[in-house]
Amino acid sequence: MTGEQQYGVTNPISMAGPTEADLHRTRQLEEFLVSAGLYESPEDGALRKEVLAQIDQIAKAWVKRITDERGYGEQLVEEANAKIYTFGSYRLSVHGPGADLDTLCVGPCYVIREEDFFGVLHDMLAEMPEVSELHPVPDAHVPVMKFKFKGISIDLIYASISLWVVPEDFDISQESVLCDVDEQSVTSLNGCRVADQILRLVPNVDHFRTTLRCMKLWAKRRGLYSNVTGFLGGVNWALLVARICQLYPNAIPSMLVSRFFRVYTQWRWPNPVMLCSIEEGTLGFPVWDPRKNPRDRTHHMPIITPAYPCMNSSYNVSTSTLRVMTEQFQTGNKICEDIEMNKAGWDALFEPYPFFESYRNYLQIDIVAADQDDLRTWKGWVESRLRQLTLKIERDTFGMLQCHPYPCEYNNTSSQGYHCAYFMGLQRKQGVPIQEGQQFDIRGTVEEFRHSVIMYFLWRPGMDIFVSHVRRKQIPPYVFPGGVLPSRHARGANQTVKASPGSSSGNSGDESPEQCSNKSSVKLKKRKHETAGNIDKGDKKPAIRSNRAVACLGAMEGSTYRGIIAVEAVSQRVTDGDVQSCLKQKVSEVLGSARTIDRVSGKTSTEGSLGNVTALRAENFQNGRKVESQQALGVTGNDLGSSSRIKK
């Protein structure tokens with residue numbers, strides 16, 4: 001970069017170039033990225049180009065078919081056209097083997113999304129032998145059609161522009177393409193326009209690409225690469241990296257990675273990250289402006305797109321996920337300091353995050369369906385709603401109970417049936433004194449979440465979701481590499497090295513009774529693995545639950561034990577009509593005269609109001625139904641503390 005040109009909205013932090021040591025570290029970093037398999041082979045690259053060309057031909061044939069069926073005349077049928085563009089990692093040239101191919105189909109004004117794209121084009125694709133795993137998501141923020149074409153994963157979105165004929169050389173970078181188009185088409189078109197703007201606004205495109213590959217790998221290994229669960233997606237990471245490139249225009253990748261962590265460890269959110277100034281434009285679309293738009297003031301981690309209309313690309317980030325990312329930035333900064341002092345290698349930076357060693361308590365979200373196709377559809381919907389569970393828990397506990405959603409799905413390959421599971425870490429907000437008798441009851445929160453999820457308009461019999469509490473020692477083995485639970489000694493050693501910032505290091509969560517004598521105890525019945533549908537046993541298919549079954553969860557936190565209830569599991573055969581009466585009788589037997597403290601009012605309530613402590617679970621059998629009540633979740637304040645935190 002020459003001294004005359006300024007990139008970004010501020011002056012650079014430093015114009016310094018690399019030293020010999022920086023050049024050496026960059027060579028080591030590039031070698032690491034190659035060994036990690038981040039680069040696509042020439043054969044795979046050629047296949048992607050071939051697939052793109054075929055999808056472009058399919059789109060053209062689809063528009064001509066629509067034009068002909070609507071009787072628009074031979075000339076318009078002849079001229080009818082559609083264009084396929086790429087966006088995301090492929091357009092930025094940072095994609096790797098097996099990455100999704102993000103594609104945009106631009107069509108004329110008379111070809112509509114609901115009827116034509118998700119109707120006619122969907123049916124055309126379904127009939128093609130090259131297409132598999134076809135999954136439309138019309139209700140997404142950006143409606144998308146997901147499928148595989150010759151084994152390449154495709155995410156196809158659609159934008160209808162105001163023209164009757166789409167020119168073959170149509171330039172989507174011009175602001176005029178947004179004239180008279182709907183909001184979803186604006187969002188779809190901006191995927192390509194933002195990618196092009198990013199490449200224009202960085203001083204050195206090659207250095208940007210290498211650094212972005214590095215940061216994407218780091219984010220995936222640390223469980224931070226997921227826009228849908230409240231972390232950051234590909235465009236968010238690209239914008240963060242691009243801003244660092246602007247602030248250090250002469251830096252090379254090893255320097256940029258180190259500066260990335262240094263800058264964002266100190267960044268004062270919610271100050272926005274911007275590559276250029278926000279322009280109002282001439283078309284009247286709303287742009288991100290917290291001075292005018294009250295909703296924009298609620299954003300926790302604004303990362304603003306550089307193409308008009310400028311928007312916050314990271315509106316999904318919540319208080320909890322921002323906390324997790326901030327801690328991970330601090331960890332990355334410390335490791336980069338060690339790398340620069342030759343105390344560590346690049347492999348230390350990319351160590352996978354020890355999620356199942358970092359908390360004492362977790363929520364396990366089990367998803368079941370009747371077959372593989374239903375599971376794929378159902379899982380995509382549930383995953384898109386998991387962020388809502390985090391937000392609801394934050395809301396209902398006033399931010400005192402923190403969640404760490406982990407954006408990885410786990411499958412028990414040893415079991416029969418169709419199932420996957422997600423997990424969330426739970427902990428009490430750090431640095432806040434535990435109040436005597438304080439409780440967090442999230443049973444109603446979980447029930448509200450479950451109710452919203454099962455309202456899915458494509459719901460089919462067999463689709464169900466179950467939320468349950470598990471302690472660290474009760475985590476199912478199939479989530480660990482090789483399906484083997486780490487030994488206690490190995491876990492302890494791991495925690496010493498990979499503690500995370502913010503908590504006492506010696507607290508592993510597996511203390512003996514003597515060690516716990518001065519702490520609040522947790523009186524819970526051990527979670528039975530079959531509560532999620534005998535998934536762990538492998539000897540039965542996941543059951544299809546009755547819609548009358550309720551998924552309830554209670555998380556109670558306090559410095560003293562105040563009647564934390566654990567309902568004994570009930571096993572007996574009953575009919576649908578007997579479910580409620582059977583449950584009521586059993587709850588009365590188990591609870592006796594137990595009392596609990598209401599979280600908000602502080603008043604006591606007797607067993608008559610504790611029916612929702614239980615969670616019904618109905619399994620279909622040939623000879624009747626087996627109904628079991630799930631235990632309530634009771635967790636004390638000390639128990640919700642994170643047991644392993646990374647040292648600053």
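Guide: Let us begin with a pair of packed helices, where Val-257, Ser-258, Arg-259, Phe-260, Phe-261, Arg-262, Tyr-264 and Thr-265 of H9 meet Phe-329, Gln-330, Gly-332, Asn-333, Cys-336 and Glu-340 of H10, contact meaning heavy atoms within 4.5 Å. This is a predicted model, in which local features need pLDDT of at least 70 and side-chain atom pairs count only at pLDDT 80 or more, whereas totals for chains, interfaces and linings use all residues. Residues are numbered from 1 along each chain as its sequence is written, and side-chain values use heavy atoms, with hydrogens and water left out.

Visitor: How do the residues of the contact of H9 with H10 divide into nonpolar, polar and charged?

Guide: The classes are set by residue type: Ala, Val, Leu, Ile, Met, Phe, Trp, Tyr, Cys and Pro count as nonpolar, Asp, Glu, Lys and Arg as charged, and the others, Gly among them, as polar. On that basis the contact of H9 with H10 has six nonpolar, five polar and three charged residues.

Visitor: Which word describes how H9 and H10 lie to each other?

Guide: Helix H9 (residues 253-266) and helix H10 (residues 319-340) have axes 8 Å apart and pack at an angle of about 140°, the axes being lines fitted to C-alpha atoms over the stretch in contact, with angles from 0 to 180 degrees between N-to-C directions. Angles under 35 degrees count as roughly parallel, over 145 as roughly antiparallel, 65 to 115 as roughly perpendicular and the rest as oblique. H9 and H10 are therefore oblique.

Visitor: What is the handedness of the crossing of H2 and H5?

Guide: The axes of helix H2 (residues 42-69) and helix H5 (residues 113-126) come within 11 Å and cross at roughly 120°. A crossing is left-handed if the near helix is turned anticlockwise from the far one by less than a right angle, and right-handed if clockwise. By this convention the crossing of H9 and H10 is left-handed, while that of H2 and H5 is right-handed.

Visitor: Is His-95 buried or exposed?

Guide: His-95 sits in the loop between helix H4 (88-92) and strand S2 (101-107), and, leaving aside neighbours within four places in sequence, His-95 is in contact with Leu-38, Glu-40, Arg-48, Ser-89, Tyr-90 and Arg-213. Buried means under 20% relative accessible area, exposed over 50% and partly exposed in between, with a 1.4 Å probe and protein chains only. Because its relative accessible area is 12%, His-95 is buried.

Visitor: Which residue's side chain makes a polar contact with the side chain of His-95?

Guide: A polar contact is a pair of N or O atoms within 3.5 Å; within protein, one must be able to donate a hydrogen and the other to accept it, and residues adjacent in sequence count only if both atoms are side-chain atoms. At 3.0 Å, the partner of the His-95 side chain is Glu-40.

Visitor: How far apart in space are Ser-93 and Arg-213?

Guide: Ser-93 also has its place in the loop between H4 and S2, and at 32% relative accessibility Ser-93 counts as partly exposed. Not counting residues up to four places away in sequence, Ser-93 touches Arg-209 and Arg-213. Although Ser-93 and Arg-213 are 120 residues apart in sequence, their C-alpha to C-alpha distance is 9.6 Å.

Key
Helices (H or I, at least four residues) and strands (E, at least two) are DSSP runs, numbered from the N terminus.
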